[in-house]
Amino acid sequence: MRVLSGIQSSGMVHLGNYFGALMNWVKLQNEGHDCFYFIANLHSMTQSYDPALLKKRTLELTATLIAIGIDPEKSTLFIQSDVSEHSELAWILSCLAPLGEMERMIQFKEKSAQSPESVNAALLLYPVLQSADILLYRPDLVPVGIDQAQHLELTRNLVRKFNKRFNTEYFKEPQTFHTETVKVVGLDGTAKMSKSRDNFIGLVEEPEIIKKKLRTAATDPARVRRDDPGNPDICNVFSLHKLISSAKDQAWSEKGCRTAEIGCLDCKGRLFENLMQLLDPIRERYKELMEKPGLLHEYLDLGAQKAKKEAQKTLEKVHELIGISR
Ligand code: SF4
């Protein structure tokens, strides 16, 4: 099966990204699927950004993806802007995209409400570029977060419009596979882990920083004193234990919390140890890779070549269908 998914290069990858999507990328790759994974740097341009930082983050993200187990020899790992066909197909699809539907996209409305001074046309067209990302590779499966469901519906709509307009059945409506069954709560305990809320644990952050972040992480507010019993079901530290710790450690934390046999610092300390078992090898591999930028670029060149070959096949056919081939 062909699988396609992308991630924006907008900062450090955190545990929410890992458990919500990237762990699944590795699983799909290791199950032997034909995976196309890309770094969506064109999408990152829809909001105000620093060019040097975008470039730096793109390379860091490449190293992170390889460090968690994406194998550039097995998967096609590439940067979106290295395959110019993404932009071209986005233009072609934008000629079919209904303006009213685009303006009703929840993400467009939210982002434009958040910073009305920086609304640009690309923000409106963002879901069309996303449709082009998908359709270029004609994947069988698109793992996406629930928050992208509306954009995927637009992709299906564009497929129907394209096929009808050009009297073809060339594009198939993509099948999605919702990955956000694992929703990781941020360290503030109030919302999903995210970079914008600064409530995250980065995959390659230094242990001392993670330790400090955990120390101040929100817990059950009922545990005011050491001997106050708590409820792990409403504590985000415990929700992280459930993702990271062994069944034995989860049972220790749960019982200790309810009976006040352990304090929150003990509980966080055990979580930290378990977290380091997961993150130490990732961080070490990441550092090794960041010392070899030439190797990272070789991997990206390889991915771009493989992706471009597929993308060109699609665009050739599209050119023929829409009347711009010679
Ligand atoms: S003991 Fe652990 S689970 Fe209980 S409130 Fe403290 S940090 Fe949360």
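This is a predicted model: local features need pLDDT of at least 70, side-chain atom pairs count only at pLDDT 80 or more; totals for chains, interfaces and linings use all residues.
The domain assignment divides the protein chain into domain 1, which covers residues 2–184 together with 293–322, and domain 2, which covers residues 207–286. Taken over C-alpha atoms, the centres of domain 1 and domain 2 are separated by 35 Å. Contact between them involves six residues of domain 1 and four residues of domain 2. On the side of domain 1 that touches domain 2, the largest share comes from helix α3 (residues 51–68), which supplies four residues. By class, that side of domain 1 holds five nonpolar residues and one polar residue, with no charged residues.

**Around the ligand**

The ligand is surrounded by 14 residues, and the closest of these are C235, V237, C257, C264 and C267. Helices α10 (236–244), α11 (247–259) and α12 (264–290) each contribute at least two residues to this shell, and α12 gives the most, with three residues. Sorted by class, the shell around the ligand consists of eight nonpolar, three polar and three charged residues.

**Two helix pairs**

Two packed helices are described by the angle between their axes and by the distance between the axes. The table sets out these values for two pairs.

| Helix pair | Axes come within | Crossing angle |
|---|---|---|
| α10 and α11 | 9 Å | roughly 160° |
| α3 and α12 | 8 Å | roughly 135° |

With a crossing of roughly 160°, and with angles over 145 degrees counting as roughly antiparallel, α10 and α11 are therefore roughly antiparallel to each other. The crossing of α10 and α11 is left-handed. In this pair, F238, H241 and K242 of α10 meet D249, Q250, S253, E254 and C257 of α11, and the residues of the contact divide into two nonpolar, three polar and three charged. Among these contact residues of α11 is C257, which is also one of the residues listed as closest to the ligand.

For α3 and α12, the axes cross at roughly 135°, and the two helices are therefore oblique to each other. The crossing of α3 and α12 is right-handed. On the α3 side the contact is made by A63, T64, I66, A67 and I68, and on the α12 side by I282, R285, Y286, L289 and M290. The residues of the contact of α3 with α12 divide into eight nonpolar, one polar and one charged.

Methods:
Residues are numbered from 1 along each chain as its sequence is written. Domain bounds come from an automatic or database domain assignment. Two residues are in contact if their C-beta atoms, placed from the backbone, lie within 7 Å. Ala, Val, Leu, Ile, Met, Phe, Trp, Tyr, Cys and Pro count as nonpolar, Asp, Glu, Lys and Arg as charged, and the others, Gly among them, as polar. A residue is near a molecule or strand if its C-beta atom, placed from the backbone, lies within 6 Å of it. Axes are lines fitted to C-alpha atoms, for helices over the stretch in contact, and angles run from 0 to 180 degrees between N-to-C directions. Angles under 35 degrees count as roughly parallel, over 145 as roughly antiparallel, 65 to 115 as roughly perpendicular and the rest as oblique. A crossing is left-handed if the near helix is turned anticlockwise from the far one by less than a right angle, and right-handed if clockwise.
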